[in-house]
Amino acid sequence: MEVFLLEMKKNQKSLWIWTISIAIMVLSCMLLFPELKEQAKQVNAMYSSLGSLSQAFGMNKINMASSMGFFAIECGSILGIGGALFCGLLGSGMISKEEHMHTAEFLFTHPRTRGYILFHKFLALLSCIILFYGVNFAISVLSFFIISEDFNLKKLILVFLMQMLLGIEIAGIGFGVSAVLKTSGAGIGIGIGFVFYFMSIYANITNNSKWVKYLTPFSYADPVTVLTKKTIEEGYLFMGMLYLFCALAFSFWYYKKKDIL
Amino acid sequence: MNEMILLSDVSKSYGKARGICGVSLKVEKGDIYGFMGPNGAGKSTTIKSMLGLITPDAGKIEIFQKEMRKEKVEILKRIGYMPSEAMFYTGMKVVDILNFSAKMRGKDCKKQQDLLCERLDLDRKKKIETLSLGNRKKVSIVCAMQHEPDLYVLDEPTSGLDPLIQKEFFDLLLEKQQIGATIFLSSHILTEVKNYCTKAAIIKEGCVIREDSIEHLLKSSVRNISICGLEEFPKELLDNHVKNISIEKNQIKFLYDGQMKDLIHILEAYPITDFIAEEANIEEVFLHYYEKEEN
């Protein structure tokens, strides 16, 4: 457990900065809802008439005048992109930072297999992601109470669960890339998050490239999708978990034999 | 069979770049073994292969008579390693790093840790990022020694340490050797190797060119030659046996490790006025190996 505790300690600053920043943004956004509700009809009409833009962000599918609808569009974007970037960054630096910061010689000459060390790093990664989404869930629930608006708890839990799986998938892919890198991986981590996000926007707009939806975790985790569809998008979720599994398996396999220079 | 380290024909290349080729060496229990060579010779590659950080392309690495490839975790339990770069995690205190290292070994190292920190004058409450290189090296020393390993592998251990701490460090090593530990250290400091090591190996361009006891190395056949009366260096002497040529005023000096009768035979044809042959000191012996060959 020493490696797990070490990683939790090392990442706590970054974890809390990101968690609190996103939580503040989500809360601030929700606090705007009561005012926006007054102009609900006009807002809805405007938002759903923006053509491709409406389609890209799912504004044509959901009622922004409802608290859950508003949450899905506004806070969903904040949480979606914020979570993707945080998880991408965290995952892609998890292994590579040891070589980047020259601490690998210290860490990997202890009497533990590389698999053991990587496993506990991944556990720490998971724990950070659970904390990130857990706190944001709590803040979101709190925000509904503050603005005295109704919300569907079951649906909200489902939204956060899917978002968390998105985060885990992105972090896992970053983890796989991190096994190969010797640099900090920050650029790649952020890149992964953005690429997946823009893939989802692209897939929303076009009708010809629906296969792209199988590539990005936003297909199953987008709050608008979760709230408007009757069931979860199993096909996209399955592919997402498959990518996660492959990335993790690759990282363990590759790092076992990697030369640490 | 009291071999602690046995490297048999170990090779490693990085693509087209040469790493090490056919390195063989033997370290026995109780040795203080010096490993020397110029920058880029392959010292770090050899050491990292011994610790399982690098997988060699060929050859066998046995430590405590166990193969590194198969029993890495068991072997690492009994090794104390000090990397040349003493880098640790920022945002943590010295005591956190030391305790982490102890926990990773599943050992209670408190007593040894206290002792070592006192002798090396290391403040455990300080944060890693506030430490100088010398103090980070001290952290590295404590990490390597607190679990009382059977084998110490130290990569340039004294670089960055002040002379008092250097002495304390070697005193500690000698104490460990007295109670049965074996020490393998790489160093550029010739006096260190001369004063403390029992054996040494010299690596150059990826190959071990000499491995012997310090006693034999000091008694080596390298001679410091001074000739007077010549204006130019004799062309016939420009071969592998001559190193470190210096020409001052009327005197030509060089290191020579060939047959003395061959040297005299060549010099007979020249109008030399004086000839002095002295035993080379340890620095000159090693420099003889360090220098690139004359063309």
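This note covers the interface of chain A and chain B and one sheet of chain B.

1. The model is predicted: local features need pLDDT of at least 70, side-chain atom pairs count only at pLDDT 80 or more, and totals for chains, interfaces and linings use all residues. Residues are numbered from 1 along each chain as its sequence is written, chains are lettered from A in the order in which they are written, and side-chain values use heavy atoms, without hydrogens and water.

2. In chain A, 26 residues are in contact (heavy atoms within 4.5 Å) with 27 residues of chain B. The buried area (accessible area, 1.4 Å probe, lost by two parts on being put together, summed over both) is about 2600 Å², and carbon and sulfur atoms give 64% of it. Glu105(A), Phe106(A) and Pro111(A) supply 27% of what chain A buries against chain B, more than any other three residues.

3. Between the two chains there are 2 salt bridges (a side-chain nitrogen of Lys or Arg within 4 Å of a carboxyl oxygen of Asp or Glu). A salt bridge joins Lys12(B) and Asp259(A), at 2.5 Å from N to O.

4. Chain B has an open sheet of 4 strands (DSSP E runs of at least two residues). Their order is β12-β13-β11-β14, with antiparallel pairing (at least two DSSP bridges between paired strands). Because β12 (242-248) and β14 (274-279) of chain B stand at the edges with a single partner strand each, one side of each has no neighbour in the sheet.

5. Strand β11 (residues 223-228) of chain B pairs with β14(B) over 6 bridges, in the antiparallel sense. Ile227(B) is opposite Phe275(B) of β14(B).
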